[in-house]
Amino acid sequence: RTIMKKMHLLLSILVISLSTGLFAGTSYKSAKELFGRELPDEPTSIKVLIAQGLDEPRVQTHGRYRVFDPKTERRLTYGFFGKNFNVVPLRDGLQWGEVFPDTYQMTVFTDSKPNLVSVNGRPYKGRITLYAMNGRLNVVNEVSLEDYTKSVLSECFPNEKNPEILAALSICIRTTATYQKEDSSNPYWDVEAKDVNYTGYS
């Protein structure tokens with residue numbers, strides 16, 4: 001009886017939310033993805049190690065978000081209004097506001113445009129995955145090749161305005177990234193941010 005009451009309450013909240021604009025601009029497909037329990041496929045992307053050996057990084061989502069265990073590809077939690085807590089490695093799991101027992105890696109991403117997740121105040125597009133290693137956390141940003149190219153291009157050539165030169169540079173950056181991705185033997189990341197001048201969202 002208690003379970004049925006909770007299900008009716010959740011259904012009522014969903015109906016009210018849909019009618020009052022909580023999902024304003026959200027299609028049936030994106031709503032279905034939000035409630036989906038499996039990690040969705042990611043388009044062409046590259047995994048960038050953005051930080052290593054952190055104690056308790058602050059991770060913030062903006063708008064609707066989902067959290068998955070990348071090892072099992074199953075959903076851990078989701079929310080509608082964003083979340084902002086330190087990620088704490090525990091002896092028996094991870095904590096990000098709530099505790100995820102027996103979980104030592106988690107992937108966070110948002111469905112709300114511009115699809116940003118912040119780590120220690122710096123925004124990143126795409127997905128953020130945290131791996132617990134010896135009581136500390138490694139942080140990886142899985143980002144589309146397009147957004148990765150924009151970030152590296154703006155960081156390495158901030159004063160370049162010639163569109164033809166920028167187009168040529170973009171091709172070089174994207175081609176190099178594709179090669180690095182294919183050549184990487186590391187299952188967790190393809191490149192390190194410090195080696196490629198990647199600084200996140202730009």
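Reader: What makes strand E3 (residues 65-69) largely enclosed by the rest of the structure?

Author: Here 5 of the 5 residues of E3 are buried, so the strand is largely enclosed by the rest of the structure. Buried means under 20% relative accessible area, with exposed over 50% and partly exposed in between (1.4 Å probe, protein chains only). Strands (E, at least two residues) and helices (H or I, at least four) are DSSP runs, numbered from the N terminus. This is a predicted model, where local features need pLDDT of at least 70, side-chain atom pairs count only at pLDDT 80 or more, and totals for chains, interfaces and linings use all residues. Residues are numbered from 1 along each chain as its sequence is written, and side-chain values use heavy atoms, leaving out hydrogens and water.

Reader: Which way do the residues of E3 point?

Author: Tyr 65, Val 67 and Asp 69 point one way, Arg 66 and Phe 68 the other, and all are buried. In a regular strand the side chains alternate between the two faces of the sheet.

Reader: How do you know that E3 pairs with strand E4 (residues 74-79)?

Author: Two strands pair if DSSP finds at least two bridges between them. E3 and E4 have 5 bridges, in the antiparallel sense, so they count as paired. One of the links joins Asp 69 to its bridge partner in E4, Arg 74. The two strands form a hairpin with 4 residues between them, and Glu 73 in the turn has a positive phi of about 60°.

Reader: What pairs E3 with strand E8 (residues 105-110)?

Author: This pairing is antiparallel over 4 bridges. Val 67 has Val 108 in E8 as its bridge partner, while Phe 68 stands opposite Thr 107 in E8.

Reader: Why are E4 and strand E13 (191-192) said to stand at the edges?

Author: The open sheet of 7 strands runs E4-E3-E8-E11-E12-E1-E13, with mixed pairing. E4 and E13 each have a single partner strand, so one side of each is left without a neighbour in the sheet.

Reader: How do you know that the span of helix H3 agrees with its 12 residues?

Author: The expected span is 1.5 Å times one less than the number of residues. For H3 that gives 16 Å, and its end C-alpha atoms are 16 Å apart, which agrees. Its buried residues include Leu 145, Tyr 148 and Val 152.

Reader: What is the confidence in the chain?

Author: pLDDT is the predictor's confidence in each residue, from 0 to 100. The chain's mean is 86, and 79% of its residues reach 70 or more.
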